[in-house]
Amino acid sequence: MTRNLDARPQAPPQSGGDPTSDDLVLQALGLGLRYGSRDAFRGITLGVRRGRVLALVGPSGCGKTSFLSCLNRMTDLLPRCAIEGQVRLNGQDIHAEGFDVVGLRRRVGMIFQRPNPFPMSIRRNLEFPLREHGVRDKDTLEGTLEAALSDVGLWGEVKDRLETSALALSGGQQQRLCLARALALKPSVLLMDEPCSALDPLSSGVVEDLIDGLRERYTVVVVTHNLAQARRLADEVAVFWFQEGCGRVIEHGPVDQIFGAPRSEVTAAYVNGMRG
Ligand SMILES: Nc1ncnc2c1ncn2[C@@H]1O[C@H](COP(=O)(O)OP(=O)(O)O)[C@@H](O)[C@H]1O
Ligand SMILES: [Mg+2]
């Protein structure tokens, strides 16, 4: 990845809260991302407060997944990808020289649209990342495994089959396992990219309830196409839109504003199901 440090814009003012507040755990400042010669999104200033759920909504192709990927430097893995602006975790620039990227990925966990358990046993799915992050003690591993699986309501379902392949679990169970795997690392922020969209309605409801239960203990940024879900889950909502050739945030604010009294006509039309 190349990084365009020269073109760092000043953070523009943004509705939905003061982005310099100490309360903001994770914050994007004038963030933009370019794949090759094409901007995916630009000029996004957006923060999420500790213990809150921020939902990102908007039509496909306006940069929501790309934005999420910047927040824990998953974009480092992509060639020809350039970032401008800043991302701050607890006030620290995550792109600063010497910033601990491995630690960043532990502190900012990610859940993808398609459940992606490792092709390993249920136990190894949880122990592998813990070992990677230096946890060796058997009792700690065992305790963390049980706590994480209990947190996602899986312990009772899998405690007698921990050595079997995670790939044999149902889609909903796999997604809960992925959530447990992220929680086992005790992150402070969880990024979720349409975590329910590949699941049947019942499993989707279970995962949604879990996300709801994470509120207060974790800070969550969740992309969802399901506006009813965004309304149920989110404290704040950011509406992404394709404008002037790339993705932008057209409105960001408390959930009641976005769904009850949107400031932008585009938001109003979108949340009322007229566009997008
Ligand atoms: N790895 C990539 N390489 C090049 N272009 C990409 C890549 N990922 C996404 N894009 C492009 O960036 C834009 C935003 O995509 P994405 O972040 O997936 O949007 P959304 O999640 O809102 O659907 C799209 O035009 C998409 O084609
Ligand atoms: Mg996406």
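This note goes through the predicted model point by point, from the whole chain down to single residues.

1. Conventions. The model is predicted, and local features need pLDDT of at least 70, side-chain atom pairs count only at pLDDT 80 or more, and totals for chains, interfaces and linings use all residues. Residues are numbered from 1 along each chain as its sequence is written, while chains are lettered from A and ligands numbered from 1 in the order in which they are written.

2. Overall make-up. The protein chain has 10 helices and 11 strands. Its radius of gyration is 19 Å, close to the 19 Å that the globule rule gives for 276 residues, so the chain is as compact as a globular protein of that length. The radius of gyration is taken over C-alpha atoms, and the globule rule is 2.2 Å times the number of residues to the power 0.38. Helices (H or I, at least four residues) and strands (E, at least two) are DSSP runs, numbered from the N terminus. Along the principal axes, the C-alpha atoms fill a box of roughly 55 × 45 × 35 Å.

3. Burial and contacts. Of the 276 residues in the protein chain, 44% are buried. A residue is buried if 20 or more other C-beta atoms lie within 10 Å of its own, exposed if 12 or fewer, and partly exposed in between, with C-beta atoms placed from the backbone. Among contacts between residues at least 6 apart in sequence, 68% join residues at least 24 apart. Two residues are in contact if their C-beta atoms, placed from the backbone, lie within 7 Å.

4. The core. The largest nonpolar core has 74 residues, and Ala55, Ala180, Val221 and Val239 touch the most other members. Such a core is a set of buried Ala, Val, Leu, Ile, Met, Phe, Trp, Tyr and Cys residues joined through C-beta atoms within 7 Å. Leaving aside neighbours within four places in sequence, Ala55 is in contact with Val222, Thr224, Ala230, Leu233, Ala234 and Val237.

5. The ligand shell. The residues around ligand 1 include Tyr35, Ala40, Leu78 and Gly247, as well as Ser60, Gly61, Cys62, Gly63, Lys64, Thr65 and Ser66. A residue counts as near the ligand if its C-beta atom, placed from the backbone, lies within 6 Å of it. Helix α1 (residues 64-71) gives the most to this shell, with 3 residues. By type, the shell divides into 4 nonpolar, 6 polar and 1 charged. Here Ala, Val, Leu, Ile, Met, Phe, Trp, Tyr, Cys and Pro count as nonpolar, Asp, Glu, Lys and Arg as charged, and the others, Gly among them, as polar.

6. Strand β2 (residues 24-35) runs antiparallel to β3, joined by 8 bridges; two strands pair if DSSP finds at least two bridges between them. Tyr35 has Arg38 in β3 as its bridge partner. The two strands form a hairpin with 2 residues between them, and Gly36 in the turn has a positive phi of about 60 degrees. Strand β3 (residues 38-49) is largely enclosed by the rest of the structure, because 10 of its 12 residues are buried. β2 also pairs with strand β5 (residues 81-89) in the antiparallel sense over 8 bridges, with Arg34 opposite Ala82. In turn, 2 bridges join β5 to antiparallel strand β6 (residues 92-93), and Asn90 in their hairpin takes a positive phi near 50 degrees.

7. Helix α3 and what follows. In α3 (residues 122-132), the buried residues are Ile122, Asn125, Leu126, Glu127 and Leu130. Their cover includes α4 (138-151), α5 (155-158) and α6 (171-184). Thr144 lies in α4 and counts as buried, with 20 C-beta neighbours inside 10 Å. Not counting residues up to four places away in sequence, Thr144 touches Leu130 and Ala184. His133, in the loop between α3 and α4, is partly exposed, with 14 other C-beta atoms within 10 Å.

8. Is Glu194 buried or exposed? Glu194 is buried, with 21 other C-beta atoms within 10 Å; its phi is near 45 degrees, and it lies in the loop between β8 (189-193) and α7 (201-214). Glu244 has a positive phi of about 50 degrees and lies in the loop between β10 (236-243) and β11 (246-254). Glu244 is exposed, with 9 other C-beta atoms within 10 Å.
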